[in-house]
Amino acid sequence: MPNFNDLIVSFQTLELQDKPVIAHASLRAFGHVEGGPDAVVTALIYAFGGVMMPTHTYKTMVTPEGGPANNAINYSRREWNRHAVPYTKDMSADSLMGSVAENLRQRPEAKRSMHPILSFAGVNVDDAIGKQTLENPFAPILNLADQEGWVLLMGVDHTVNTSIHLAERLAKRKQFTRWALLDDGKQQACPGFPGDSSGFQAIEPDVRPYTRSIQVGEATVLALPLRILIAKTMDRIKKDPLALLCQQAECERCMAVREHVRVRAQG
Ligand SMILES: [Zn+2]
């Protein structure tokens with residue numbers, strides 16, 4: 001059962017020194033951690049130069065009466081809008097983001113970025129957090145890459161590796177528009193919304209030679225440099241515009257990307 005000290009010692013064996021990280025974590029994957037998410041977050045802050053995690057709030061999303069075509073959205077289906085929660089700066093991250101990300105967000109010294117759906121929270125990464133805009137939701141990750149930042153996957157795989165979305169965008173893959181309900185009742189359009197990530201594990205062989213792996217409790221913790229992840233993902237999409245899409249027949253966003261690639265090839 002790892003405790004706070006075990007976590008720090010383990011994280012230090014990754015030898016990232018003072019590099020900032022974007023982290024993704026499944027607390028459950030560790031088995032039992034003494035001190036829970038609080039111990040994990042404190043150890044991350046101690047062991048790395050800065051820590052950022054996604055604190056996305058999909059619960060704010062609404063469907064408007066109309067919008068761009070081929071946007072993987074059915075504008076006539078708005079019955080879920082009444083379940084949307086208006087965005088506020090201090091709303092909790094979706095439970096999907098995990099208890100570690102929510103703990104980081106709640107730290108008094110943490111900053112949270114501005115996006116009503118795709119926010120990030122972090123400690124000692126103020127520059128990155130400040131870079132986000134509605135049009136460029138993944139700018140904080142690009143900033144971390146410029147600072148030689150790393151991705152940490154703690155008990156999770158590349159299907160939650162948000163940084164791959166940045167590389168998709170840089171590779172000019174089709175992006176989407178989504179809408180967030182604001183607390184004044186307005187619907188805020190959010191362009192630059194990413195596609196589906198459920199096919200992302202296919203990047204693993206490309207980045208394996210650059211990936212450091214340690215065992216912490218029952219969890220495998222992977223670390224890989226952002227710049228290489230972004231470059232390898234862009235290479236992959238350049239060679240095959242359909243790379244990293246999922247194979248589910250009903251996946252609307254992957255279908256929309258395929259359609260976009262098909263039309264562009266005819267162009
Ligand atoms: Zn898909």
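Predicted model: local features only at pLDDT ≥ 70, side-chain atom pairs only at ≥ 80, totals over all residues.
A residue is called buried here when its relative accessible area is under 20%, and C251, at 12%, therefore counts as buried. In the zinc site, the ion is coordinated by D196, C246, C251 and C254, with an arrangement that is tetrahedral because the angles between the four donor atoms are 100 to 115°.

**Zinc site**

- The zinc ion is held through the OD atom of D196 and the SG atoms of C246, C251 and C254, with distances of 2.0 to 2.3 Å.
- The angles subtended by the four donor atoms run from 100 to 115°, which makes the geometry around the zinc ion tetrahedral; for comparison, the ideal angle for four tetrahedral donors is 109.5 degrees.
- Along the sequence, the donor residues follow the spacing D-x49-C-x4-C-x2-C.

**Helix 2 and helix 3**

- Two packed helices are described by the angle between their axes and the distance between the axes; for helix 2 (residues 36-47) and helix 3 (residues 99-106), the angle is about 65° and the axes are 9 Å apart.
- The crossing of helix 2 and helix 3 is right-handed.
- On the side of helix 2, the residues that meet helix 3 are P37, D38, V40, V41, L44 and I45, and their partners in helix 3 are S99, V100, N103 and L104.
- Helix 3 is mostly covered, since six of its eight residues are buried, namely V100, A101, E102, N103, L104 and R105.

**T60 and its surroundings**

- T60 sits in the loop that runs between strand 2 (50-54) and strand 3 (61-62), and with a relative accessibility of 0% T60 counts as buried.
- The side chain of T60 reaches the backbone oxygen of T57 at a distance of 3.0 Å.
- Leaving out residues up to four places away in sequence, T60 touches A84, V85, P86, Y87, M91, P116, I117, W179, A180 and L181.

**L166 in helix 6**

- L166 belongs to helix 6 (residues 163-170), and at 2% relative accessibility L166 counts as buried.
- Apart from neighbours within four places in sequence, L166 is in contact with F138, I141, L142 and I230.
- Although L166 and G155 are 11 residues apart along the chain, their C-alpha atoms are separated by 22 Å.

- Most residues other than glycine have a negative phi, whereas A72, which is not a glycine, has a positive phi of about 50°.
- A72 lies in the loop between strand 3 and helix 3, where A72 counts as buried at 15% relative accessibility.
- L244, likewise a residue other than glycine, has a positive phi near 70°.
- L244 is placed in the loop between helix 8 (226-239) and helix 9 (252-266), and at 4% relative accessibility L244 counts as buried.

Definitions and conventions
Residues numbered from 1 in each chain as written. Heavy atoms only, no water. Donors = N, O, S within 2.8 Å, 3.2 Å for Na, K, Ca; no water. Tetrahedral: all angles 85-135°; square planar, octahedral: opposite > 155°, others 65-115°. Buried < 20%, exposed > 50% of the residue type's maximum accessible area, 1.4 Å probe, protein only. Helix = DSSP H or I, 4+ residues; strand = E, 2+ residues; numbered from the N terminus. Polar contact = N/O pair within 3.5 Å; in protein donor to acceptor, adjacent residues only side chain to side chain. Contact = heavy atoms within 4.5 Å. Axes fitted to C-alpha atoms, helices over the stretch in contact; angles between N-to-C directions. Left-handed = near helix turned anticlockwise from the far one by under 90°.
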